[in-house]
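Here is a briefing on the structure shown below. Keep the sequence at hand while reading.

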Protein chains: 2
Amino acid sequence: MSGQHLPDGTGGAPTAPRSGRLSRRRLLGGAALGGAAVGGAALGGVAVAPSRDDVTDAGSATGGVVAFHGAHQAGIVTPAQDRLHFAAFDVTTTDRAELEQLLRDWTDAARRLTRGLPAGAGAVGGDPLLPPDDTGEALGLPAARLTITIGVGPSLFDDRFGLAERRPAALRSLPHFPGDVLDPARSDGDLAVQACADDPQVAVHAVRTLARIAFGRASVRWSQLGFGRTSSTSTTQQTPRNLFGFKDGTANLKAEETAAVDEHVWVGVDDDPAAAWLAGGSYLVARRIAMDIEVWDRQPLADQEAIVGRTKGEGGPLSGGPESAAPDFAAVTGTAPTIPVDAHVRVVHPDAHGGARMLRRGYNFVDGSTGLGALDAGLFFLAYVRDPDRQFVPVQAAMSRADALREYLTVTGSALFAVLPGTDEAGFLGETLFA
Amino acid sequence: MSGQHLPDGTGGAPTAPRSGRLSRRRLLGGAALGGAAVGGAALGGVAVAPSRDDVTDAGSATGGVVAFHGAHQAGIVTPAQDRLHFAAFDVTTTDRAELEQLLRDWTDAARRLTRGLPAGAGAVGGDPLLPPDDTGEALGLPAARLTITIGVGPSLFDDRFGLAERRPAALRSLPHFPGDVLDPARSDGDLAVQACADDPQVAVHAVRTLARIAFGRASVRWSQLGFGRTSSTSTTQQTPRNLFGFKDGTANLKAEETAAVDEHVWVGVDDDPAAAWLAGGSYLVARRIAMDIEVWDRQPLADQEAIVGRTKGEGGPLSGGPESAAPDFAAVTGTAPTIPVDAHVRVVHPDAHGGARMLRRGYNFVDGSTGLGALDAGLFFLAYVRDPDRQFVPVQAAMSRADALREYLTVTGSALFAVLPGTDEAGFLGETLFA
């Protein structure tokens, strides 16, 4: 363990282990990581939970630990981190118990990784004749505010796992919108993992570790890296800029607006009779939006601002005032609306959609070049909503129909997931779904 | 300019402009950015050079300015930043004067961007009826230690620009090595831009801006993002880990070893009679090395360490001692060499190659997934050498032939560039080539 810079609350010679848990988890971890099939026997709701002391210790040593446990998953109202690795998985097993066990194993791993600890016995602490439990590239790195947020896609509720009757009514493939040029290899998925951190190596390590744990049970369908969060999700954060050079997400829901978050983000226990299990969860819309930045860059500043409806510098609405000012859609300049009728800010504004708001948590991406001399760049749009049919679909439909921005955007990937409720030290993500 | 958070030493009402330079540069910048053809007339060696006071001011305001001017380009011995955007360009003009002007314009832009200033008149400071000079996504961001390093590829010395007789003898396509599965769309190029910064948005902004300035003269052939520098290039930096989980580049050349850097990195004036113009420059080997991380992760720890020849934890040689210890290749364990004959550290060690060393400056990459459930991940290898024929080709040949690591690596892109000497406030990158 000499190379292990981080305290490992459960490895080595643990203090006061709770009986039997360590060895059983290790056994499981070893079996799963070695590629052996994991037996179908359910093992009860017992998980290795670090004590709060461990979390505090790790936090002080590692520069930013976001609490994993709670009524809701972390990574939603958590102040947006700077980097993203998102992955969608296809479940390859057809055994319901194996799927449930995968979610238990992912929960255990997420508990450790988000504290800055390695998977299992670590990269160097195990038997040298076995593959290490941890892949090692995050060894010595702090937790970097890592969050791991897990969701389930509509396809998980087909006839494979006996879950069809538990499918939330709103959890179905998004409609095809004008402007969608969807690549199936970048769309949909049975399971989703959003890993956010302030260090890309930490986020990549998390997705890689969960993919590895899934071996034989689920495999990566697609994944996407992102940088430079494009939305602020806390009043403590500045609004960052997207690749069109504009501040993006000014009117975003903020963590501090707890009443609004309750109203617009968290699924309520009575929202859907078939899906009380999703109470405390949310829906996640993921859209890979390619931006035609070379063409955009040739538009005059005044045109860019008219298309967005905000100034490029301060980000204030064209009707006047600072970034935080409410747009005045009734304002006119001469005889024309000061904020044009097809300006992005007008088309998607909550006032045009019965007050519907979303919690956006998107990231910029650049995936090299297109082969035609352009950057393959854009926005990986992530939005959390309580009801996609009310808060996302109508807004996207209006945008596809009437938004002046649409000329510069092509949606190349799309997915909808139900984001599981949070868990506590004894439970696992997905527990209510399988109960 | 109300949205402009950074001081702009040349915009607005400049103090003490040197006669005529501002307006001419602006005129040029506007014409180039607007897509109009730039005339072939050479404009003399005059460039807008910020005063040292400006640099200091910008530095204090922007959190990290790396000096652009000097005998050598920045971004080579500069302590490696955390993020990379690398782009190779095809020159599309056939007019030599336009090519020369492109290098002048890139130099001017690099002077500004590396100080945390926007291109030209900025994203919001220009005529609203014209496209903004700057794309805006880095507005409000600090310089983030941005460096822009420019090179030229072998293909630039064909018959298009009258440069054939000035081609350095060592500047030719690298040989095909076993294990190379090269994608032409990820290989070679007439020009190369390495942008490194501590913020990916700043690095992306730099490449995007240079691509935009090149419009009509050169277009992006391929580009690559990277994160988590895999080598330390200063004694002040920890050795980071690659995606195999090992410390990488322990024996790398460090900036502080000035005599060794002179010997191994900078081209001397007498190195090549045809290419005295390259004195003070270097050669850059760029290799996109895909790593089969899923297979690697299934190898026992002891096997991984035998393949690398170092411990995974501390990174010390298997012959003993800390990371900084010299490997003892004569050490035996029982009857076998303690460091196996095919261990990476042995095969590539300078002792096996006549003392040849290189200055490595690589980055990890993850470009999503392969479509087969694996991450499209690896190492974007960048190495600066004085003589690729002596310092790179034999090392790579040995690695392809004998290195145990080769089973886990596939080289999918490859390029060699001559990196231009540095410039001063009055010159431009490439000046000696066109003189």
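Which residues have the most contacts inside the largest nonpolar core? They are A:Leu146, A:Met291, B:Leu146 and B:Met291, in a core of 236 residues. A nonpolar core is a set of buried Ala, Val, Leu, Ile, Met, Phe, Trp, Tyr and Cys residues joined through C-beta atoms within 7 Å.

This is a predicted model: local features need pLDDT of at least 70, side-chain atom pairs count only at pLDDT 80 or more, and totals for chains, interfaces and linings use all residues. Residues are numbered from 1 along each chain as its sequence is written, with chains lettered from A and ligands numbered from 1 in the order in which they are written.

**Confidence**
- The model scores ipTM 0.84 and pTM 0.86.
- Chain A has a mean pLDDT (the predictor's confidence in each residue, from 0 to 100) of 86. In chain A, 86% of residues reach 70 or more.
- Residues 1-62 of chain A stay under 50 in pLDDT.

**Fold of chain A**
- Chain A has 11 helices and 11 strands. These are DSSP runs (helices H or I, at least four residues; strands E, at least two), numbered from the N terminus.
- Of its 435 residues, 57% count as buried. Buried means 20 or more other C-beta atoms within 10 Å of the residue's own, with C-beta atoms placed from the backbone.
- Two residues are in contact if their C-beta atoms, placed from the backbone, lie within 7 Å. Among contacts in chain A between residues at least 6 apart in sequence, 75% join residues at least 24 apart.
- Helix H3 of chain A (residues 96-113) has 14 of its 18 residues buried, so it is largely enclosed by the rest of the structure.
- Beyond four places in sequence, A:Met291 touches residues including A:Leu243, A:Phe244, A:Trp296 and A:Tyr408.

**Interface**
- In chain B, 53 residues are in contact with 53 residues of chain A.
- S4(B) gives the most to the side of chain B that touches chain A, with 7 residues.
- Of the interface residues of chain B, 100% are also interface residues in chain A, so the copies meet through the same surface.

Conventions. A residue is buried if 20 or more other C-beta atoms lie within 10 Å of its own, exposed if 12 or fewer, and partly exposed in between; C-beta atoms are placed from the backbone.
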